[in-house]
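Please consult the sequence and structure shown here alongside the text.

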Amino acid sequence: MTPATRLTAAGFLATAVAFGPARMGFGLFLPGFRDAFALSTSTAGLIASGGFLAFLVALLLSAWMGRRFGERVSVVSGALAAAVGFAAVAVAGTPTLLAVGIALAGSSAGLCWAPFNDAAERVVPEHARPTALSVVSTGTTFGVAAAAGLALAVTQGVLDWRVAWAGFALGGLVLAGVAWAGLPSTRYPKSTPTAVKEIVHAALPANLAPAPTPETAAASARLAQRAAIPLYATALCFGMTNAIFLSFAADRVASVGGLPGLANAGASPVIFLGYAAFGVLGLATGRIEARSGLAPLFCFIFGAATLSLVLIALAPTSWIGVIAASGLHGAAIMMVSAVFSFWSVRLFPGLSTLGFTAALLSMAVGSVVGPVLAGLLAAAEGPVVMFLVAAIPPLATALWFGAKLRMPRPRLPAADEQT
């Protein structure tokens, strides 16, 4: 295997574990967790947000670790965090230990993903990077499918949910070994600016921020460039949308009696299997964007996310509605993840992990805020209102990109006007 192939394979497995059971396992197994720990909707929202908050913190830690020790150390640390978090959930006897385990597992996503952007810049030829990063991002769909398969076995009485989470812990250990073999052992030169310093300097007030160096000032200017604003805004919006769907969609279906002809507990695996099956479309993201452009692709992504929330709100007992909702959302998250990855490479050449980390921080902020607000709104007004309100931000985003599609292109001067 070439270094590029080893890197792509390691990235595929990393996202399968970190963005499969580690990031989505709580929503997938929430109906069972409700029974085992007597969780209320607001408590479930807080635990979900705790996992996303750990993801946010881990992103900053990943930026520092990647620059200090190299991408390999960051990804291996994320794999070990996932294994420990999975094991904690497997043995949890209280909601507190459950929350700790979910947070540890959630941190693995922040540690495992962004380093592959810088590694790809060094290892993968430029023409092959969009495809390689799409493959890395789409590992999620296979991780979700595996987790959903185990969840289905739990609902059929073949496995106990604790055994499933112990299996996830073994997967985290396997990832640690594969990441150690697949990522480059070298690190960035000492002259490269420290990503955490750059982000902190950009975020703090002037009187609290450390004195800028020419390198940090230049990096901060690149992060704050006007062309990056749409990247951050769409990441924030999708972070909220995705976190709400992952945290509450399965619980919404189960709470109204599940799908016809299927045991109530079986609704959750069906949703996530549909999510994973259609998420395979993420493999084609690079090619679709190259043919259609960014605006049409984002119009589809956020339109699909909007419709997925509306369907879960209004048709939670319809097989067609639920599978369509999960499929649309699965395709949307796989595609948007790939777009964020190669979009940041284009916007921030030479600092792609830094730029990608900034985008993921925006997404993480939305992921933290979304479930908390959604849980409170669901407790006050009910899940239907909550899902419909949650559909407003992605709808607005889709309409904004749709408006860009209708904007006339600038007229080129005629031949006799070019003199």
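## Exposure of a loop residue

A residue is classed as exposed when its relative accessible area is over 50%, and as buried when that area is under 20%. The model discussed here is predicted. Ala38 has a relative accessibility of 67% and therefore counts as exposed.

Ala38 is located in the loop that lies between H2 and H3. The phi angle of Ala38 is near 55°, a positive value in a residue other than glycine.

## The largest nonpolar core

The largest nonpolar core comprises 121 residues. Phe26, Phe33, Leu98, Trp165 and Ile301 are the members that touch the most other members. Helix H15, spanning residues 319–347, provides the largest share of this core, with 14 residues.

What surrounds Leu98, once its neighbours within four places in sequence are left aside? Leu98 is then in contact with Phe26, Phe33, Phe37, Leu39, Ile47, Val89 and Ala92. Two of these partners, Phe26 and Phe33, are named with Leu98 among the core members that touch the most others.

## The largest cavity

A search of the whole structure identifies 4 cavities of 30 Å³ or more. The largest cavity holds about 110 Å³ of space. Its lining consists of Ala22, Arg23, Met24, Phe26, Gly27, Ala48, Gly51, Phe52, Ile102, Gly106, Leu246 and Ser247. Two or more lining residues come from each of helix H2 (21–37), helix H3 (41–69), helix H5 (95–112) and helix H11 (229–255).

Which element gives the most to the lining of the largest cavity? That element is H2, with 5 residues. By residue class, the lining of the largest cavity divides into 7 nonpolar, 4 polar and 1 charged. Phe26 belongs to this lining and is also one of the core members that touch the most others.

## The second largest cavity

The second largest cavity contains about 100 Å³ of space. Its lining is made up of 13 residues, and those that lie nearest its centre are Phe19, Trp113, Thr140, Ile333 and Ser337. The residues of this lining divide into 8 nonpolar, 4 polar and 1 charged.

At least two lining residues of the second largest cavity are supplied by each of H2, helix H7 (129–155), H15 and helix H16 (352–381). H15 accounts for the largest share of this lining, 3 residues.

Conventions
Residues are numbered from 1 along each chain as its sequence is written. This is a predicted model: local features need pLDDT of at least 70, side-chain atom pairs count only at pLDDT 80 or more; totals for chains, interfaces and linings use all residues. Side-chain values use heavy atoms; hydrogens and water are left out. A nonpolar core is a set of buried Ala, Val, Leu, Ile, Met, Phe, Trp, Tyr and Cys residues joined through side-chain atoms within 4.5 Å. Buried means under 20% relative accessible area, exposed over 50%, partly exposed in between (1.4 Å probe, protein chains only). Helices (H or I, at least four residues) and strands (E, at least two) are DSSP runs, numbered from the N terminus. Contact means heavy atoms within 4.5 Å. On a 1 Å grid over the protein atoms alone, a cavity is a set of points where a 1.4 Å probe fits but cannot get out, and a pocket is an open set with protein on both sides within 12 Å along at least five of seven lines; lining residues have an atom within 4 Å of a point. Grid points are joined across faces, edges and corners, and a volume is the space filled by probe spheres set on the points. Ala, Val, Leu, Ile, Met, Phe, Trp, Tyr, Cys and Pro count as nonpolar, Asp, Glu, Lys and Arg as charged, and the others, Gly among them, as polar.
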